[in-house]
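Please read the points below with the sequence and the model open beside you.

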Amino acid sequence: MSVKVEGFKSSDVFEQLQTSFTDNSIKQESIKKVKAIFEFNVKNSDGKEQLWTLDLKNEGSVKTGKGSAKPDITITLEDDTFVQLASGKLNGQKAFMSGKLKIKGNMMLATKLDSVFNTAKVKAKL
Amino acid sequence: MAFQNMVTGAECSTNSNPLSQFIKQFNDDLSHQKDKFIPGTERAGSGSSSFRTARPDISIQDNKFAQEFFDNSSLQRIPNNAVSDWVLDFNNVHNEFNKLKLKPSENEEMERAFKHMDMHGNWNSEFLQNPDIQATPFVEMPTGFEEAFDQSFNWVNDFELKQRDKGKGKEKITEIGSLSWEEQFEAAQREADNNTVINNMKDEGGLFNEFEKIWSQIKNDNITDDDEEEDNLMSSIWDIDYNNFKILELGEYEFEQDNHYLNSENPLQEGLKLMETGETLSEVALAFEAAIQKDPSNFNAWVLLGNTQAQNEKEEAAIRALQKAVELDGNNLPALMSLAVSYTNESYDQQAYLTLERWITAKYPDIVTRAAPMHNVMSTHDRVTELFLQAARNAPEGQAMDPDVQVGLGVLFYGSENYDKAVDCFVSALNTRKDDYLLWNRLGATLANSGRPEDAIEAYHKALELKPTFVRARFNLGVSCLNIGCYREAAEHLLGALSMHQTGIEKGSSLKNVSTSLRDTLHRTFQMMNRNDLNEKLNNGGDVDQFRDEFEF
């Protein structure tokens, strides 16, 4: 099921994440590393809001809207910030320090954001 | 802690050090030491008493003196620098003393008094031998004053004690501070010039580094605090370790079958010629394979084959070949470097660092290898990095740095995800080797992985300009396109790369060395395009030509 939502640049990232989890080894590795359910509340430039749930605790899945289980952390952020985070242009701690991330729940899990995005990406080789 | 012992030891206990007494007396916080100095019971040295009698109004002077001393000591600036900056602070205090401007007579008096204290100058002189200290500007001070002042270093100690009193949070900082101070001291004794660079590196970044430290601490704390999931975590940590420690046994290199170069008179020569004429790397690799099959002890052929396979985006085959090469000659620099890079790409970090260590000790045998007490990845990384930095520093003045050392450092920084530094290293290596397509690709990959795919693409283009058959650069280009959401371009680059894997070997016969990374990435790209029909085509085998009507490559 596609997780694409029109008008959100972030939805590409979620699609990439979803795609990467079709590879079982990547999925298992991500679950092992993260072990948490992230809920993203993304606001786009038109002021629309959209929820995505990234379950890296049980299922290894990406969904639009709320997940079946309670999230361990809810992150509210802007569409652009999300894209910057995912592409590695902005790291989690800087975003948090500059107030670009609003966090509800277990804050420490935000430190794992970078590794969440990294597993989804194909790495370049030297 | 040798220094502390010397300071608090009986020999130079504060009893006989008048200056310290001033400090103690006017410092409220030192209640735990105060009982030693009940008024009237002080058994200060004769110098001290003469000092007192000679100048009845000295207590006022004292007061000011000590107050000044404390006002200007680093106590107020605990959070950032802690004890490690004490040398600096010490200078500040020095300057303050200058400002007090004692009258000549007072000065004399002081000097005489302090000279009495000179007997316990043991650690003191040892301390002064530290080149760092000597380098600090002690000008303008009367000599006796200076000596006496050195003795009053007790305040460093006091300072630490005081900080500990302030509770748990501060204690951590103090420990970090005094620890690095200790390191500095030891390092200075061992090797003076070495010291400064390391310190500079530590001091770099300031506040943000501090924050980062705390952040990663939280990260770690978080890991250990999580009781219920500890088992899982342990197993995952174990996995990571295992990955780094297992002896990498990929097995012997597997040769392709039906290699027509086996009929060639001199396949090695032919391979080199093919490389020059711009034949695909798969074809070149076949020639080198044939050369090895004819003479398995041909070291050069193994290295060439390994490098070719790496550039051809067949990492596993590359590692097998390069391992064989290193087995034949453990000190060959290009082979070791290539192997280290391949290990890094496959995330065999420990192996990569150890291979780099072999490289640096083979090239710069003068550089001393510090014994490794712990075999964990981080410590290996730090140790090897230090060796490379040492080699970099040892470069003769005014002469360009060894670009290979730069490359090695780049790989090391890349391994620790210190991408900005890695970029700097590769760029400076490129300054001396503008036509090294491998370097351009390495620069590109580092940029890409640090979240700068646009800049990376430029570097890849440069690499491909220099070497159009460079499959790895093409693969990387595809990856960057995929990561910035240009799926069509990504597919075209990846298909182009795959098409270069076609060889003269009869179609249909299965190849031994295939590039899973290329196929997997193409698979993912098609998925992102929502084109499962293309993926089916891909999985059903058949060559890449079937995609030519839809994609240009």
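**Notes on the two chains**

1. A:E39 counts as buried, at 5% relative accessibility, where buried stands for under 20% relative accessible area, exposed for over 50% and partly exposed for what lies in between (1.4 Å probe, protein chains only). The side chain of A:E39 meets that of A:K66 in a salt bridge, 3.0 Å from N to O, a salt bridge being a side-chain nitrogen of Lys or Arg within 4 Å of a carboxyl oxygen of Asp or Glu. The pair links distant parts of the chain, since A:E39 belongs to strand β1 (residues 36–43) of chain A and A:K66 to the loop between β3 (61–64) and β4 (73–78), 27 residues apart. A:K66, for its part, is exposed, with a relative accessible area of 58%.

2. A word on the basis of these values: this is a predicted model, in which local features need pLDDT of at least 70 and side-chain atom pairs count only at pLDDT 80 or more, while totals for chains, interfaces and linings use all residues. Residues are numbered from 1 along each chain as its sequence is written, chains are lettered from A and ligands numbered from 1 in the order in which they are written, and side-chain values use heavy atoms, with hydrogens and water left out.

3. Chain A has five helices and five strands, which follow the pattern α-α-β-β-β-β-α-α-β-α along the sequence; helices (H or I, at least four residues) and strands (E, at least two) are DSSP runs, numbered from the N terminus. Of the 126 residues in chain A, 51% are buried. Among the contacts in chain A with a separation of 6 or more, 59% come from residues 24 or more positions apart, contact meaning heavy atoms within 4.5 Å.

4. A second salt bridge in chain A joins A:K33 and A:E29, whose closest N and O atoms are 3.6 Å apart. Because they are four residues apart in helix α2 (residues 24–34) of chain A, A:K33 and A:E29 are separated by about one helical turn. A:K33 is partly exposed at 41% relative accessibility, and A:E29 is also partly exposed, with a relative accessible area of 41%.

5. How many residues does each chain bring to the contact? Chain B gives 45 residues and chain A gives 27. The area buried between chain B and chain A is about 3,300 Å², of which carbon and sulfur atoms give 57%; buried area is the accessible area (1.4 Å probe) that two parts lose on being put together, summed over both. Two salt bridges are found across this interface, and a salt bridge is formed by the side chains of B:E346 and A:K125 (3.6 Å, N to O). Helix α15 (residues 207–225) of chain B gives the most to the side of chain B that touches chain A, with seven residues.

6. Two residues of chain B deserve a check of their backbone angles. Most residues other than glycine have a negative phi. B:E313, although not a glycine, has a positive phi of about 60°; B:E313 lies in the loop between α19 (299–311) and α20 (315–328) of chain B and is buried, with a relative accessible area of 1%. B:S347, again not a glycine, has a positive phi of about 65°; its place is in the loop between α21 (333–345) and α22 (349–363) of chain B, and B:S347 is partly exposed, with a relative accessible area of 38%.
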